[in-house]
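Dear colleague,

Please find the structure for your review below.

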Amino acid sequence: MNRPPVATADTERVLWLDGLPPDQLATRPPLDGDTTADVAIVGAGYTGLWTAYYLSTFNPDLKVVVIDAGRAGFGASGRNGGWCTAEMPALLPGLVRRHGPMAAMRLYRAGQRTLDELRRVLDAERIDAHWRHDGSLYVARSAPQVDRLRGWHEVRGKLGIGGLTLTVGAPAAEQIGLTGVRATAYTPHCVTVHPARLARGLLAAVERRGVLVAEGTRATRIAPGLLVTDGGTVRARSVLIATEGYTGRLAGHGRRVLPLHSYVLATEPLDAATWQHIGLTDHRTVAESRYQFGYLQRTLDDRLVLGGRGAYYRFGSATDRAAAAGRRAHDLLRRTLAELLPDLADVPVTHRWSGVYGLHRHTEPEVVYDRETGLGHAGGYGGEGIALSNLAARSLAALVAGVSRPETRLCWVDNASRRWEPEPLRYIGVRTVTGVATGADRYEHRFDRTAPLARLALRAIV
Ligand SMILES: Cc1cc2nc3c(=O)[nH]c(=O)nc-3n(C[C@H](O)[C@H](O)[C@H](O)COP(=O)(O)OP(=O)(O)OC[C@H]3O[C@@H](n4cnc5c(N)ncnc54)[C@H](O)[C@@H]3O)c2cc1C
């Protein structure tokens with residue numbers, strides 16, 4: 001068997017990009033000179049590509065150009081944890097608070113239906129994204145975490161959203177071989193995907209529909225009717241920004257989206273007996289119920305992919321990689337693996353990588369389109385963007401194409417957030433929130449009771 005070289009602490013190797021078939025790796029030429037289009041899109045991750053896809057279905061006559069500073073799908077879209085989930089446990093209470101139960105429920109249900117829509121398009125476009133629909137298991141390993149799972153179950157019940165099965169006590173521990181499990185909540189509304197296959201498959205699909213995708217082309221200025229790049233200028237009626245965590249690099253957008261660095265690792269393939277022992281005989285995803293939660297999945301080639309336990313902000317919204325921070329974050333993931341699954345403490349880790357996702361000040365995704373100027377954007381999924389980017393792109397594409405669809409009436413449309421604070425306030429604020437979350441997790445682990453003021457503090461700050 002051809003084994004990949006083992007990643008060392010200093011090297012980043014993205015499992016998903018490593019495993020791409022050569023035909024999906026072919027680069028697209030950069031923009032070479034000035035051009036015109038009906039719609040120009042900056043960023044060829046899921047948001048940009050799905051927007052181009054739906055524009056081409058809503059109005060096949062539109063000329064759509066998508067540019068990407070790097071490679072299509074090599075941003076967060078090709079580096080994520082592969083959880084294509086319709087659940088938004090962190091988002092739901094805020095949505096209810098700010099938009100009311102009806103609007104929150106509408107968005108939630110639209111998210112659930114998005115999994116069917118994704119399946120439909122992947123089948124229609126023959127995109128093999130390693131789709132496995134086995135749901136998610138959220139685990140609680142302390143009394144406060146059990147309370148949080150109960151609370152989530154209750155909120156959903158009040159909203160009339162069913163489908164979450166809560167199990168408490170010994171039967172829960174039997175469901176999954178993680179240490180110290182006291183309760184679980186199972187939802188069928190999650191699929192695992194191969195993130196980069198999805199992105200590159202989508203790239204090929206939009207090109208078949210006549211969309212021009214230029215890689216290695218950086219946007220340097222955006223104005224009504226105008227997208228200036230380092231490869232030429234695109235004059236277009238609509239110019240859309242789909243750069244999520246990287247948005248702050250664009251002139252005039254420095255404080256719109258907070259970039260958060262997130263880390264992931266993958267083990268070598270594990271044998272069937274080990275998976276049996278872990279209790280993951282299918283591809284259901286698993287997440288902790290800590291504030292700084294870890295999440296894992298079993299890939300199609302039987303590796304364990306583990307991510308999370310914190311998202312990190314760098315001063316001045318920097319998005320380049322910081323080797324030392326990466327080492328610390330990956331060490332923490334390694335310790336998390338040993339804590340959750342002690343038998344895997346020494347299993348070889350073959351891949352370690354990081355990526356950047358985006359968060360708005362109001363902590364919700366948003367879809368904004370100004371008909372007058374033709375400027376628009378979508379993103380800010382806060383680390384849950386695989387399914388949501390499809391739904392947001394459908395909302396944005398419908399607004400731009402001027403077609404009446406239910407997606408244009410969701411509560412995230414034109415729900416533009418206020419900007420993040422200037423530095424150093426932004427850095428201090430974000431570090432305080434993550435510090436509170438880390439401290440609360442430690443306290444709850446140690447004392448088995450809810451950290452005083454943690455929930456209040458986290459809610460007040462974000
Ligand atoms: C480590 C990690 C794990 C995650 N895990 C999950 C998960 O398991 N489930 C889930 O649902 N979500 C997850 N997410 C979030 C999800 O991946 C993102 O929300 C989603 O991919 C965002 O897609 P996007 O197209 O908006 O942004 P991106 O995929 O980041 O694409 C933005 C693109 O814009 C380009 N760009 C930036 N600046 C410019 C410029 N000036 N000119 C031209 N192009 C530019 C970039 O090169 C990039 O390709 C994770 C994210 C990370 C980082």
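Helices (H or I, at least four residues) and strands (E, at least two residues) are DSSP runs, numbered from the N terminus. Two strands pair if DSSP finds at least two bridges between them.

The model is predicted: local features need pLDDT of at least 70, side-chain atom pairs count only at pLDDT 80 or more, and totals for chains, interfaces and linings use all residues. Residues are numbered from 1 along each chain as its sequence is written, and side-chain values use heavy atoms, with hydrogens and water left out.

A hairpin joins S10 to S11 through 2 residues. These two strands run antiparallel and are joined by 4 bridges, with S11 covering residues 232-241. Within this pairing, Val228 stands opposite Thr233 of S11.

Ala223 has Leu226 of S10 as its bridge partner. S9 and S10 form a hairpin with 2 residues between them, and Gly225 in the turn has a positive phi of about 80 degrees.

Which way do the residues of strand S10 point? Leu226 and Val228 point one way, whereas Leu227 and Thr229 point the other way. All four residues of S10 (226-229) are buried, where buried means under 20% relative accessible area, exposed over 50%, and partly exposed in between (1.4 Å probe, protein chains only).

The ligand

A residue is near a molecule or strand if one of its heavy atoms lies within 4 Å of it. Of the 35 residues around the ligand, Thr47, Asp68, Ser77, Gly81 and Trp83 come nearest.

A polar side-chain atom of Thr47 lies 2.6 Å from an oxygen atom of the ligand. A backbone N or O atom of Ala69 lies 2.9 Å from a nitrogen atom of the ligand, and a backbone N or O atom of Gly81 is likewise 2.9 Å from a ligand nitrogen.

The elements that give two or more residues to the shell around the ligand are helix H2 (46-58), strand S12 (258-267), strand S16 (349-359) and helix H10 (385-401). S16 gives the largest share, 3 residues.

Is Glu87 buried or exposed? Glu87 is buried, because its relative accessible area is 1%. This residue is found in the loop between strand S3 (83-85) and helix H3 (92-99). The side chains of Glu87 and Thr187 are joined by a polar contact of 2.6 Å.

Arg328, found in helix H9 (residues 323-340), is exposed, because its relative accessible area is 58%. The C-alpha atoms of Arg328 and Tyr357 are separated by 19 Å, and the two residues are 29 residues apart along the chain.

Key. A polar contact is a pair of N or O atoms within 3.5 Å; within protein, one must be able to donate a hydrogen and the other to accept it, and residues adjacent in sequence count only if both atoms are side-chain atoms.
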